[in-house]
Amino acid sequence: MRSGSPPVPDGAARIRAVSRARLWARVSRWLFLLPALVYLSLFFGYPVVKNVVMSFQEYSVTTFYTGAAPFVGLRNYTAVLSTDVFWQALLTTVLFTVGSIAGQFVLGLALALFFQRKFPLGGLLRSLLLLPWLLPLVVSGTTWRWMLDTDSGIVNEALRDLHLLSSGIPWLTGTSEALVSVVLVNIWVGVPFNTALLYGGLQDIPARYYEAAKLDGAGRLASFRHVTWPLLRPVAGVVLVLGVVYTVKVLDIILVVTGGGPAGATQTLATRSYELSFQQFEFGRGAAMGNVLVLVSLAFALVHLRADRRARNA
């Protein structure tokens, strides 16, 4: 060794240096993730845990003054699940969700297939299609409430001008028509989201598959069945799961358009939870209803994911 040259570290020193470097790299990754973890814990984790704890307490307006929230076990869940109002709200939630998802997905897929073709102003029309999804839901609901008014609504006026009916349809006051009305409004709001995701999925399908199908003599229906749908199924699964999770908890549209009426005809689990918490001020029962709503959403999502997995493995 030349004089003045730095000493060469031995094997143990090199191992310690590498270990320190790996440890620092691991700590650095966690430091970068720390702000996101803190944010998720404060604004997502804490509300979920608080809601679960509250559902086992007698939490009311007096709790804000006294700080007392006695533990009541499953009493809130028993009180919520033992009423006829809950089962009616559950049925309405299922009908509202199934009707909305079916309409949004079918219309969204049809529009996505339509926009797959190249034509003038196609990009502009796709952009305009996003407007219903971008508008605040309170604005959309208020507009539709005016349009569906029995006496002065533009929908009934148009139907009368076309001589399709002589008297106005009670879109918002009829017990059967009101549910159809909120489903139609929710379909109108959700179609742009479905169209955007499904259109993106269609763009990822290579054109050579359609060319090969055309050479084999496949028509449009056969190409959709054997090319488009199998390759679009993963995206469609994501769209349906997201649609179910969003639709089950829809609150603002129903509150603005019908307010859960008439006679509870459009009251869902979400509106029932809102009513218990912020109208009757029974926060414990409202939290229990909210947790039931979460479980229903998970059940919807798990059923669809299992069915989709079976379809892929078939």
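I started with L42, which I found in helix α1 (residues 11–54); helices here are DSSP runs of H or I with at least four residues, numbered from the N terminus. This is a predicted model, where local features need pLDDT of at least 70 and side-chain atom pairs pLDDT 80 or more, while totals for chains, interfaces and linings use all residues. Residues are numbered from 1 along each chain as its sequence is written, and side-chain values use heavy atoms, without hydrogens and water.

Is L42 buried or exposed? L42 has a relative accessible area of 53%, so I noted it as exposed (buried is under 20%, exposed over 50%, partly exposed in between, with a 1.4 Å probe and protein chains only).

Next I looked at A68, in the loop between α2 (61–66) and α3 (75–81). Its relative accessibility is 42%, so A68 counts as partly exposed. I also checked A68 against E58: they are ten residues apart along the chain, and their C-alpha atoms are separated by 8.6 Å.

Then I turned to helix pairs. Two packed helices are described by the angle between their axes and the distance between the axes. Axes are lines fitted to C-alpha atoms over the stretch in contact, and angles run from 0 to 180 degrees between N-to-C directions.

How do α4 (residues 84–115) and α9 (residues 177–203) cross, and at what angle? Their axes come within 6 Å and cross at roughly 40°, so α4 and α9 are oblique to each other. Under 35 degrees counts as roughly parallel, over 145 as roughly antiparallel, 65 to 115 as roughly perpendicular, and the rest as oblique.

Note on methods. Helix = DSSP H or I, 4+ residues; strand = E, 2+ residues; numbered from the N terminus.
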